[in-house]
Amino acid sequence: MQSPVEGQTAGRAVPVAGLFGGGGRIGFDQLKIVTLLFLVIFVVYSLVLPGFFSIGNLLTLMRTVAVLGILGLGMAIVVIGRGIDLSMIASLAVPSALVLMLAAKGYGVVPALAAGLLMAVAIGVLNGVLVAYAEIPSLFTTLAVGIGVAGIGQIGLFDYEIVSWPPELDVIVWIGRGSVFGIPYSVLAFGAVAILIGVFLRRTRPGMFVYASGDNPGATRLTGISLRPVLVMQYIISSCVAFFAGMVLAASSASMDTRIFNLTWIYDVILVVVLGGIGLSGGRGGVANVIIGTLLIGTIMNGLTIMNVSFEMQNLVRGLVLLVAVLADSLINPRNEETSQQGDI
Amino acid sequence: MNKLVKFACGLAMATMVGAATAAVAQTSMGDPLRESYYSNLKGRKVVFVPVFMGLDLTEGWSKIMARQADELGYSYEVRNSNFNTAAGAQTITSLISEKPDVLVVQNPDVQSYAKLLQQAEKAGIHVIQLNMKTNYQTTGFVGADVELIGEKQAEAAVAKCGGGDQPGKVLVLAGPPTSPFSAYMLKGYENVLNDNAKIQIVSVQSTGDYESSKAKSITQVVLQQHPDLCAILGVWDNADVGTAAALQEAGKKPGDILVTTSGGGGELACKGLREGLWQYYVSYDVPGQGRDLNALILAAMQDKNEVGSTKTVIYTPLVTYTPETLGDERCWTLDTLR
């Protein structure tokens, strides 16, 4: 049942959510630029690279970036709410490694998964409470929490930093391995999370509140929305999504390498989100942006791997693409009074 | 005659008794080396700066070093650099002023710490580089001959793939580009494969910081392009778990495509061979390396000459595991290390 007032609030939020499609005031936004860029690269690769445009390779391409895409979706919620979650890689690695370890020690699949989920929720709550109630900027909060969580893993929760997938968990190994009708499960998992988060952001009231809190927190509070619980919710969702991505990754590569917290994964996640056109100033973008950002990165990387381009060169290209996309956005959509005042980051 | 035999027997017996008495006298003599040996080691300090703790390699080495330190009464510490080269450099810089007696360093790449290690030796600290070395030679190096590992793996690929009419296709999965385990191993591959017309290297890719997920995705992409791939030369067992997962997902049976890898010979090595993750494994034998390392640490602490005036290199013996030899080889775990 919707009370009239709440109904109105949700109703008013619709135009904000309408930005999802990239319609907005300006016709040519970053989503369209990146989509265009993606199409150009895709067509060029298809023409130039033998073996690129085949169903098999396209599925491989999708599979390569599925986990990154899932993480991007979780990050998108926080970024739309004008925050950032740098602890996502820790939430990906440590709870899922905990599941693997507990299952290997014979605690059973369900209790192990429950423990992992509980840990992910706890990380989200900790992030959320520190950001929403202690009002510490999300950048510092999640950075510290991430390091802390990774540290918990390192000081002896696990025997080794790389925890291998135990046979006890083989009943759920399909979430990251294998395929149905030729489509890999990890790609399906990405699709499922995309649909869930898409529906959440566009069709539910808490989803609207996320946009509202990112677009203008002050006004959101004035309209009677409890801003702080909405913030906490965002961080809980992002760490649970990260946990799910972790399980997919662990199943996929038959182990969970908890060292990945120390690597550059989090930048890739931010890259996918920002590249797709979800502004770090909050309130804009949606699932489509993450998908297109992920596809662009996946396509570039896939092509470079096929061409056997060196690791350093691949990193250079990735950095250049981000730079070009951000530059194009700021040229076409110059900062105005409203946007330049926004955001801690 | 009889008397003569009796006399001889008596003489022999007397000699034996005399010898026994002499032996007893000898066992009670003090070993002149012991006291100075033990007292010299007491209170000395050894610090280990690994690239990352929590791996079978580093935990194994560390346990062996810690045990010797415990037994001989010198102190042993680990300063983990957590896969962060800048943090590691910081650690070494502060250690230069702390002046431990021996610094054991596992280098992330061939360059970053070189200058610092030189400074440490100038400051009077013996530096022993462990398994991953810079291009600057210090008091000691203990570790695998990585080029030789590369050659062995490449030879296994030639044995499997060099016999057909078409050249056998090989994928090379390396580590970080500047790591000694990438650079030297690639050299080893080249030594064997460059002049071999029977082998075609279709791709050389880096798995980043030895990431299994990256190894997996590269393998998938390359396998898509080259369904007739014959062998994969992997860089490290932990990363190649991902390589094997890619093959398994593509419906390959163990051994359809030869996977070669290397590592410390821990339990993962045997598990991988048993489950068909790889068919050729070059172990650098962490327990053996640990013992060599301990020997160099002792030598360094007894060295009275100027630091750095003697330099010792120990390439630790390599052991090759294949599914056929699996029964003979025992892989170590942290519990079995002595």
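In chain A, helix 5 meets helix 10 through Gly116(A), Leu117(A), Ala120(A), Val121(A), Ile123(A), Gly124(A), Val125(A), Asn127(A), Gly128(A), Val129(A), Val131(A) and Ala132(A) on the side of helix 5, and through Arg228(A), Leu231(A), Val232(A), Gln234(A), Tyr235(A), Ile236(A), Ser238(A), Ser239(A), Cys240(A), Ala242(A) and Phe243(A) on the side of helix 10. Sorted by class, the residues of this contact are 15 nonpolar, 7 polar and 1 charged. The model described here is a predicted one. Two packed helices are described by the angle between their axes and the distance between the axes. For helix 5 (residues 109-132) and helix 10 (residues 227-253) of chain A, the axes come within 7 Å and cross at roughly 145°, and the crossing of helix 5 of chain A with helix 10 of chain A is right-handed.

The axes of helix 3 (residues 55-80) and helix 11 (residues 265-276) of chain A come within 9 Å, with a crossing angle of roughly 70°. Because of that angle, helix 3 of chain A is roughly perpendicular to helix 11 of chain A. The crossing of helix 3 and helix 11 of chain A is right-handed. Helix 3 of chain A contributes Leu68(A), Leu71(A), Gly72(A), Met75(A), Ala76(A) and Val79(A) to the contact, while helix 11 of chain A contributes Asp268(A), Val269(A), Ile270(A), Val272(A) and Val273(A). By class, this contact between helix 3 and helix 11 of chain A has 9 nonpolar, 1 polar and 1 charged residues.

Turning to chain B, the domain assignment gives domain 1 (34-144 + 286-316) and domain 2 (146-283). The centres of domain 1 and domain 2 of chain B, taken over C-alpha atoms, are separated by 31 Å. Where these domains touch, 12 residues come from domain 1 of chain B and 13 residues from domain 2 of chain B. On the side of domain 1 of chain B that touches domain 2, the largest share, 3 residues, comes from helix 3 (residues 56-72) of chain B, and the residues of that side divide into 7 nonpolar, 2 polar and 3 charged.

There remains the contact between the chains, which takes 29 residues from chain B and 29 residues from chain A. On the side of chain B that touches chain A, strand 7 (199-206), helix 8 (212-225) and helix 9 (237-249) of chain B each supply at least two residues, and the largest share, 9 residues, comes from helix 8 of chain B. The residues of this side of chain B divide into 9 nonpolar, 15 polar and 5 charged.

Key: Residues are numbered from 1 along each chain as its sequence is written. Chains are lettered from A and ligands numbered from 1 in the order in which they are written. This is a predicted model: local features need pLDDT of at least 70, side-chain atom pairs count only at pLDDT 80 or more; totals for chains, interfaces and linings use all residues. Two residues are in contact if their C-beta atoms, placed from the backbone, lie within 7 Å. Helices (H or I, at least four residues) and strands (E, at least two) are DSSP runs, numbered from the N terminus. Ala, Val, Leu, Ile, Met, Phe, Trp, Tyr, Cys and Pro count as nonpolar, Asp, Glu, Lys and Arg as charged, and the others, Gly among them, as polar. Domain bounds come from an automatic or database domain assignment. Axes are lines fitted to C-alpha atoms, for helices over the stretch in contact, and angles run from 0 to 180 degrees between N-to-C directions. A crossing is left-handed if the near helix is turned anticlockwise from the far one by less than a right angle, and right-handed if clockwise. Angles under 35 degrees count as roughly parallel, over 145 as roughly antiparallel, 65 to 115 as roughly perpendicular and the rest as oblique.
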